[in-house]
Amino acid sequence: AFILDSTSFIDEKMNQRFADLLFEVPVKKSKEKVTIAILIELKSQKDKFIHFQLLEYVAMAYRSQITQKKKLSLIIPVIYYHGKQTWAPGCIAEFFKDVPVGLKEFIPTFEFIFADLKIKSADEIAAIGNSLLYTALQIQLLQFLQNIDVSVLTGVFTRLDPDKYGNYINPMIVYLFKYIDSKQKFNTFISKIQEPIKSETMTFYNEIITEGIAK
């Protein structure tokens with residue numbers, strides 16, 4: 001599959017923004033291709049009513065395609081969950097268990113993909129080819145560790161391609177601050193990573209410290 005386009009839909013009334021990615025996917029054992037839109041919802045905490053949020057987003061996304069007079073593309077909702085609690089969203093029909101059998105056909109059912117970061121194995125994460133995605137997921141995995149080894153942090157940044165993803169280094173360093181419990185540990189981490197990430201990180205780190213002192 002390859003990305004054809006990237007568009008965003010804005011609901012001004014609810015002040016919410018979300019984006020979808022369009023992929024053209026070849027159908028197995030066929031010469032045909034189908035265009036699908038991936039709608040991703042990021043969650044760091046369990047959400048009991050996520051099904052209704054997705055239902056709204058999917059409807060709005062289809063409505064946007066119609067308004068823009070585009071050919072309708074199938075939309076596949078994806079929940080990416082990176083929280084600490086165990087969560088199994090279930091299906092929307094569970095909210096309507098008391099509905100008479102004859103009326104269950106009116107329940108708005110749809111499928112979605114649920115990706116839970118916690119249950120991904122180290123081998124699955126290591127097999128990711130994109131260095132930015134790999135680094136981002138590894139940093140998120142740090143929240144599940146009791147104590148963070150500096151060597152683990154160093155290894156996380158080893159695969160990051162600074163030429164392609166240099167603009168993402170600073171935000172990732174800021175994200176790391178949440179998981180590093182001492183200045184000494186952070187300095188040790190900086191001293192062990194390779195150039196040019198090391199210099200960029202040191203510069204950015206000093207800027208943060210200086211700005212903090214000034215404030």
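Along the sequence they follow the pattern β-β-β-α-β-β-α-α-α-α-α-α-α. This is a predicted model, where local features need pLDDT of at least 70 and side-chain atom pairs count only at pLDDT 80 or more, while totals for chains, interfaces and linings use all residues. Residues are numbered from 1 along each chain as its sequence is written, and side-chain values use heavy atoms, leaving out hydrogens and water.

Next, select helix α3 (residues 131–141) and helix α4 (residues 150–158): they pack at an angle of about 160 degrees, with axes 8 Å apart. The two are therefore roughly antiparallel (the word for angles over 145 degrees). Show the side chains at their contact (heavy atoms within 4.5 Å): Tyr134, Thr135, Gln138 and Ile139 from α3 meet Gly155, Val156 and Phe157 from α4.

Now stay on Phe157. Beyond its neighbours within four places in sequence, Phe157 touches Ile139, Met172, Ile173, Leu176, Phe189, Ile193 and Ile197.

Then widen the view to the largest nonpolar core, with 22 residues. Such a core is a set of buried Ala, Val, Leu, Ile, Met, Phe, Trp, Tyr and Cys residues joined through side-chain atoms within 4.5 Å, buried meaning under 20% relative accessible area with a 1.4 Å probe, protein chains only. Among its residues with the most contacts inside it are Ile139, Phe157 and Leu160. Helices α3, α4, α6 (169–176), α7 (183–192) and α8 (197–214) each supply at least two of its residues.

Last stop: select Leu54, Val58, Tyr81 and Trp87, which belong to a second, separate core of 13 residues.

Note on methods. Axes are lines fitted to C-alpha atoms, for helices over the stretch in contact, and angles run from 0 to 180 degrees between N-to-C directions. Helices (H or I, at least four residues) and strands (E, at least two) are DSSP runs, numbered from the N terminus. Angles under 35 degrees count as roughly parallel, over 145 as roughly antiparallel, 65 to 115 as roughly perpendicular and the rest as oblique. Buried means under 20% relative accessible area, exposed over 50%, partly exposed in between (1.4 Å probe, protein chains only).
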